[in-house]
Amino acid sequence: MISLSLPFARKPRPAKTGVVRRVVMGGRLSDLKRLPRYVATAVLGGTLIWAPLLGYLKTAPLSYRSTTSLIMPGSGASASMNVNGIGQATSYANSAFASNAVSPTETYKRLLGADRIVDAAAASLNIKRAELGQPRVRLVDQTSLIHFETTGRTPEAAQARGDAILAAFFTELDALRADEVDTRQDSGLQAIADYRASVADTRKQIEALQTSTGLLSVDQYDVLLDRHLDLGDKILIQEANLNDRAAATTALEMQLGLDAAAAAATLKLFADGAYIALLEEIGRTEVALAEASARYGSAHPKVEAAKSARDQATSAALSLAQSVTGLDAQTLSDFEFAPDGARADLLAELVRMQVEVTGATEQLATLEAQRTDGQKALNRFAPAAAKMKDLERDFSVAEALFASAIARAQSSKSDIYASYPLVQVLENPSLPAKPSSPNRKLALMAGIAATLMLLISLAMGWIRIALISRLMSKPGAPT
């Protein structure tokens with residue numbers, strides 16, 4: 001019983017010194033008797049600890065561990081292709097770590113330990129799957145590293161198993177990526193077929209419209225329209241030019257006192273040598289008549305002869321003029337019989353201007369006829385051109401969609417890392433320099449620790465009498 005030291009409690013009685021001495025003396029005498037038992041316990045405990053441990057180290061087969069490291073790049077990749085007149089295709093692969101919902105490292109960790117990966121690796125090594133074992137895969141936090149380990153009885157076997165797992169893993173990745181590309185391509189074949197049918201149907205409609213109307217394209221209608229507008233401008237210019245020339249011709253006719261036809265006939269007539277000779281003859285007869293009239297009377301035979309000679313020359317000149325010009329006598333009587341000098345030049349200018357007026361008039365008529373025909377063609381092609389424009393626009397859209405679909409289908413083949421990101425080998429399977437199992441250092445440290453614990457427990461049992469005696473000798477110890 002332990003007494004409490006309270007103010008109102010009784011003070012404990014001091015222990016008897018004799019009793020304590022007897023206990024101590026008895027404990028020292030009993031130590032020699034306990035020693036064999038403690039030694040036997042220590043030997044037996046050491047045997048139970050070290051015998052299995054040494055037996056395991058001696059009989060356990062050696063095992064070697066090969067380590068491999070993989071890394072996944074964290075950036076995405078994009079590519080754009082633009083073909084002039086066909087279309088544009090853009091391919092973009094997001095980063096493997098862009099989404100928090102899916103961890104690619106966890107996906108590849110599961111894939112490395114998949115049954116078909118292990119089976120394929122075992123088949124490549126010509127061993128059983130149980131003999132190959134399961135690779136130990138470990139992820140490194142806050143990184144994109146993947147470590148996996150393979151074991152073998154020899155360093156070369158462990159390394160070969162790591163290579164086999166790695167080869168089977170990449171083969172399976174290639175198969176999965178190829179299957180994804182094929183699946184995408186198959187899903188886009190129907191869309192491509194629909195686009196192709198749309199392009200072919202629009203092309204048939206265009207060909208039918210070309211055959212029925214004769215309009216080959218909207219560009220042809222635009223050319224006709226531009227030509228028609230140009231003809232309108234040319235007609236306006238030609239009308240102004242014609243009016244200017246006609247006014248100049250009229251003014252010159254008024255100045256000369258005869259029209260262009262008379263001027264042309266005059267030039268033609270005075271270009272005839274026989275007519276000029278007759279004019280000269282008429283001049284001579286006029287001189288002879290004047291001389292005879294001055295010297296003789298009007299009824300004198302010489303005067304009559306001179307007058308007769310003049311009339312004959314005049315009649316001959318008039319007959320020749322009628323035959324040359326085709327004009328009647330009344331018109332020829334108004335001719336100017338002195339075209340030489342500046343007047344001849346004006347007559348020639350009048351004729352030239354009249355010719356230009358005639359040519360401009362014909363040209364204007366031709367342009368107006370062309371404009372009329374062009375207007376008829378435009379009226380005939382206008383509905384067909386509108387429909388052709390719609391069909392060509394539909395054809396361009398359908399062709400662009402068809403080309404873009406093909407471009408997307410082709411570019412999707414290059415985007416093989418969309419669902420299964422790129423992974424690279426950071427460290428190839430290592431060739432272990434020492435066995436990983438059994439771990440001799442760890443086994444020896446465990447045996448030493450167990451032996452120390454056994455010795456500590458025996459030491460505590462050995463000194464328990466002394467501890468009890470010391471505790472009983474303290475004040476307040478139970479009696």
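**Briefing: salt bridges, ring pairs and helices**

The side chains of Arg-129 and Asp-115 meet in a salt bridge, 2.5 Å from N to O. A salt bridge here is a side-chain nitrogen of Lys or Arg within 4 Å of a carboxyl oxygen of Asp or Glu. The pair links distant parts of the chain: Arg-129 sits in helix H4 (residues 129-132) and Asp-115 in helix H3 (residues 115-125), 14 residues apart. Helices are DSSP runs (H or I, at least four residues), numbered from the N terminus.

This is a predicted model, where local features need pLDDT of at least 70, side-chain atom pairs count only at pLDDT 80 or more, and totals for chains, interfaces and linings use all residues. Residues are numbered from 1 along each chain as its sequence is written, and side-chain values use heavy atoms, with hydrogens and water left out.

**Salt bridges**

- The structure holds eight salt bridges.
- Arg-129 is partly exposed, at 35% relative accessibility. Asp-115 is partly exposed too, at 44%. Buried means under 20% relative accessible area, exposed means over 50%, and partly exposed lies in between (1.4 Å probe, protein chains only).
- Glu-356 and Arg-352 form a salt bridge at 2.4 Å, N to O. Both lie in helix H11 (residues 342-414), four residues apart, about one turn of the helix.
- Glu-356 counts as partly exposed at 28% relative accessibility. Arg-352 counts as partly exposed at 38%.
- Arg-393 forms a salt bridge with Asp-390, with the closest N and O atoms 2.8 Å apart. Both residues lie in helix H11, three residues apart, about one turn of the helix.
- An α-helix has 3.6 residues a turn, so residues three or four places apart point the same way.
- Arg-393 is partly exposed, with a relative accessible area of 44%. Asp-390 is partly exposed at 36%.
- A network of salt bridges links Arg-65, Arg-136 and Glu-149.

**Aromatic pairs**

- Rings of Phe, Tyr and Trp (its six-membered ring) pair if their centres lie within 6.5 Å; planes under 30 degrees apart count as stacked, over 60 as edge-to-face and the rest as tilted. By this rule there are two aromatic pairs.
- Tyr-108 and Phe-169 form an edge-to-face pair, 5.6 Å centre to centre with 85° between the planes. The pair links distant parts of the chain: Tyr-108 is in helix H2 (residues 104-112) and Phe-169 is in helix H5 (residues 155-213), 61 residues apart.
- Tyr-108 and Phe-169 are buried.
- Phe-169 also pairs with Phe-170: the ring centres are 5.5 Å apart and the planes stand at 65°, so this pair is edge-to-face.
- Phe-169 has a relative accessible area of 0%. Phe-170 is partly exposed at 23%.
- Ring pairs link Tyr-108, Phe-169 and Phe-170 into a cluster.

**Helix H6**

- Helix H6 (residues 218-256) has 39 residues. From first C-alpha to last, H6 reaches 56 Å, close to the 57 Å expected at 1.5 Å a residue. The expected span is 1.5 Å times one less than the number of residues.
- The buried residues of H6 include Val-218, Tyr-221, His-228 and Leu-256.

**Nonpolar surface patch**

- Leu-444, Ile-448, Leu-452, Leu-455, Ile-456 and Met-460 make a nonpolar surface patch of about 570 Å².
- Patch residues have over 30% relative accessible area and no salt bridge; like charges are joined within 9 Å, nonpolar side chains (Val, Leu, Ile, Met, Phe, Trp, Tyr) within 5 Å. Accessible areas come from the Shrake-Rupley method with a 1.4 Å probe; for residues, only the protein chains shown count as cover.
- Leu-444 lies in helix H12 (residues 440-462). Leu-444 is partly exposed, at 38% relative accessibility.

Note on methods. Helix = DSSP H or I, 4+ residues; strand = E, 2+ residues; numbered from the N terminus.
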